[in-house]
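Colleague: I am new to this one. Can we go through the labels and what backs them?

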Amino acid sequence: MKKSSIIVIILAIAAVLLLWGVSVNNSLVNEEENVQKAWSQVENVYKRRMDLIPQLVNTVQGAANYEKSVLTEVTNARANANKVTVDPSNLSEENIAAFQKAQDQLSKALANTITVTVERYPELTATAGFRDLQTQLEGTENRITVERGKYNEAVQSFNSKLRRFPNNIVGSICGFSKKGYFSAPAEAEEPVQVQFDF
């Protein structure tokens, strides 16, 4: 075999490997973009909830004889949740866990506040504004669940593609890293206590 034939074969193999690497990189870029798109939808529904909270607070404050302490927990949790942001280019497991923890605290505070408010001020539930806000918050919580599920699906697709051989080689060379999932809060694993006190 001539030296020029060997060089052509080596160049052809290098070209095929280069094209394959570019193809794998482009598919990982597409998957990562899907993850970031799903993340932006998660942020959208959390933003919607953040926007509804001041309306809820104002509605409750407008009720006669409200207690300021009823709203303190939700106001503080909202402020804390606003402090935790995640850069879409760094959706690591640690960042997602910190974001989720702050949002879960807000969810718990909202649920507690609505329950306490309804118990202490049953006349408030008769107002259309409060009922509408409560319905919108429930709908938003459902949207959050749906969008978190879609985000997790996008992450699963990306992480699976990234971890497969030989994609993992190209992925590590090109700087791709595994993305973090949303998970159920720790208290979701605890059994619900039902008590009937008659």
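**What backs each label**

Modeller: A nonpolar surface patch of about 380 Å² is made by Ile9, Ile13, Leu17 and Trp20. This is a predicted model.

Colleague: Why is Trp20 called partly exposed?

Modeller: Its relative accessible area is 35%. Buried means under 20% and exposed over 50%. The value of 35% for Trp20 lies in between, so Trp20 is partly exposed. Trp20 sits in helix 1.

Colleague: What makes up the largest nonpolar core?

Modeller: It has 21 residues. Val35, Trp39, Leu91, Tyr151 and Phe182 touch the most other members. Helix 1 (3-62), helix 3 (93-120) and helix 4 (128-163) each give two or more residues to this core. Helix 1 gives the most, with eight residues.

Colleague: Which residues does Phe182 touch, leaving out those up to four places away in sequence?

Modeller: Trp39, Val42, Tyr46, Ile96, Phe99, Gln100, Arg148, Tyr151 and Asn152. Contact here means heavy atoms within 4.5 Å. There is also a second, separate core of 16 residues, and Leu56, Val57, Ala102 and Ile114 are among them.

Colleague: How do you know how confident the predictor is?

Modeller: pLDDT gives that for each residue, from 0 to 100. The mean for the protein is 78, and 80% of its residues reach 70 or more. Among the elements, helix 5 (residues 167-174) has the highest mean, 87. Helix 2 (residues 68-83) has the lowest, 71.

Colleague: Where does pLDDT stay under 50?

Modeller: Over residues 191-198. The model has zero contacts beyond four places in sequence for them.

Technical notes: Residues numbered from 1 in each chain as written. Predicted model: local features only at pLDDT ≥ 70, side-chain atom pairs only at ≥ 80, totals over all residues. Heavy atoms only, no water. Core = buried A, V, L, I, M, F, W, Y, C linked by side-chain atoms within 4.5 Å. Buried < 20%, exposed > 50% of the residue type's maximum accessible area, 1.4 Å probe, protein only. Helix = DSSP H or I, 4+ residues; strand = E, 2+ residues; numbered from the N terminus. Patch = residues over 30% accessible without salt bridge, like charges linked within 9 Å, V, L, I, M, F, W, Y side chains within 5 Å. Areas by Shrake-Rupley, 256 points an atom, 1.4 Å probe, with all protein chains shown as cover. Salt bridge = Lys/Arg side-chain N within 4 Å of Asp/Glu carboxyl O.
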